[in-house]
Amino acid sequence: MIRRVLPHGMGRGLLTRRPGTRRGGFSLDWDGKVSEIKKKIKSILPGRSCDLLQDTSHLPPEHSDVVIVGGGVLGLSVAYWLKKLESRRASFLRNINEYLAVVDAPPLDLRFNPSGYLLLASEKDAAAMESNVKVQRQEGAKVSLMSPDQLRNKFPWINTEGVALASYGMEDEGWFDPWCLLQGLRRKVQSLGVLFCQGEVTRFVSSSQRMLTTDDKAVVLKRIHEVHVKMDRSLEYQPVECAIVINAAGAWSAQIAALAGVGEGPPGTLQGTKLPVEPRKRYVYVWHCPQGPGLETPLVADTSGAYFRREGLGSNYLGGRSPTEEEPDPANLEVDHDFFQDKVWPHLALRVPAFETLKVQSAWAGYYDYNTFDQNGVVGPHPLVVNMYFATGFSGHGLQQAPGIGRAVAEMVLKGRFQTIDLSPFLFTRFYLGEKIQENNII
């Protein structure tokens with residue numbers, strides 16, 4: 001069974017149920033049992049209707065093969081591939097990210113816009129761009145390199161000041177509606193038997209075993225046996241026995257890891273190594289500019305880090321920029337409109353002179369599951385919490401890699417190893433070993 005619950009009551013959960021598993025049930029503590037018995041007695045007293053058979057469809061089952069904490073696109077992708085690969089069974093580093101972007105996804109209508117990506121590089125970044133494009137071409141990607149003159153000829157609306165080189169995806173590159181992907185995956189996994197549940201993971205019940213390494217150092221191995229889920233609008237928790245936990249809780253995945261004891265040991269040891277993922281707030285702005293670039297406009301990533309693309313057919317554009325100085329407070333999702341005025345718009349107007357007259361129409365904020373170590377994902381099992389697996393920390397590029405990540409995690413759970421793509425560089429142990437993944441052009 002597969003389950004997804006976001007911490008702090010955010011979002012919905014998902015799980016699949018094994019045949020014959022009863023849903024509902026009491027919590028394990030005696031006070032909870034007494035409380036439930038009192039409710040049932042009251043329900044049959046004179047003047048009250050008999051309501052012994054309460055609706056428990058919103059509750060998680062008592063037992064689960066796999067609990068997925070986090071039900072965004074990554075959690076849904078893991079659920080999809082677990083179901084798909086399980087049914088089948090029953091009947092390099094620099095180019096890893098390119099592989100992940102092309103792994104087969106479930107058949108969904110994503111409204112793909114094939115306008116390509118246009119990345120701009122300054123003089124100091126030009127060599128890295130050439131190197132990246134070489135790798136992409138080796139893997140079959142149709143990507144061209146353009147000089148400033150070629151860039152002006154292809155896109156006359158661009159000011160090439162400060163641009164030394166550009167790369168342009170000519171085929172099978174573009175963007176899609178992430179909401180469509182989320183809802184499409186949700187419907188698909190529901191059709192495969194996945195159950196959704198909304199609540200907050202508050203505790204893991206684990207067992208521990210002391211072991212010696214090959215060099216006679218003592219380590220403690222943990223195994224999670226039960227997840228406690230506090231349901232919305234309830235003071236009680238629902239215990240779920242499980243065999244596997246997938247931590248796909250996004251910006252809150254470090255909190256979930258800490259509940260399992262990850263990082264509790266002495267500093268500098270594997271046991272003391274925390275999951276370095278934290279919420280980072282990012283703003284997205286939508287603006288209107290009738291004189292702006294036309295319908296063939298690609299997604300443009302500027303040398304400054306600002307980016308934009310067209311949004312629909314009505315001369316609207318969507319874009320933003322990651323902060324380069326102070327990070328915004330992640331305690332809320334309020335939008336800082338001054339950030340656009342001071343830190344985004346000047347770069348947009350310099351690169352596209354028509355944007356001098358743009359008018360912001362709307363804006364929103366969201367969270368990156370930001371990996372402070374190397375801004376790349378964490379995939380696969382924890383070395384000491386032996387039945388917790390990670391699919392988190394993608395720092396803004398998890399959406400495009402979700403199909404590949406979901407498959408990789410499912411393969412590790414079901415087969416004990418990565419099969420389609422070797423994602424061993426993304427394992428948790430790199431944080432202890434200090435082995436960073438170097439990845440350029442992260443927007």
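User: Is R282 buried or exposed?

Analyst: In this predicted model, R282 has a relative accessible area of 8%. Buried means under 20% relative accessible area. Because 8% falls under that cut-off, R282 is classed as buried.

User: With the side chain of which residue does the side chain of R282 make a polar contact?

Analyst: R282 is in contact with S322, P323, E327, W364, A365, G366, Y368 and Y370, leaving aside its neighbours within four places in sequence. One of these contacts is a polar contact between side chains, at 2.9 Å. The partner in that polar contact is E327.

User: Which are the edge strands of the open sheet of 8 strands?

Analyst: The sheet has mixed pairing and the order β4-β5-β3-β11-β12-β13-β10-β14. Each edge strand pairs on one side only, and these strands are β4 (143-146) and β14 (359-371).
The twist from one strand to the next averages 20°. R282 itself is placed in β10, residues 277-288. The edge strands are thus β4 and β14.

User: What is the bridge partner of L120 in β5?

Analyst: Strand β3 (residues 117-121) and strand β5 (residues 165-169) run antiparallel and are joined by 4 bridges. The bridge partner of L120 in β5 is A166.

User: At about what angle to β10 does helix α8 run?

Analyst: Helix α8, residues 337-351, lies across β3, β10, β12, β13 and β14. Another helix, α4 (residues 126-138), lies across β3, β4 and β5 and runs at about 155° to β4. For α8, the angle to β10 is about 60°.

How values were computed. Residues numbered from 1 in each chain as written. Predicted model: local features only at pLDDT ≥ 70, side-chain atom pairs only at ≥ 80, totals over all residues. Heavy atoms only, no water. Helix = DSSP H or I, 4+ residues; strand = E, 2+ residues; numbered from the N terminus. Buried < 20%, exposed > 50% of the residue type's maximum accessible area, 1.4 Å probe, protein only. Polar contact = N/O pair within 3.5 Å; in protein donor to acceptor, adjacent residues only side chain to side chain. Contact = heavy atoms within 4.5 Å. Pairing = 2+ DSSP bridges. Axes fitted to C-alpha atoms, helices over the stretch in contact; angles between N-to-C directions.
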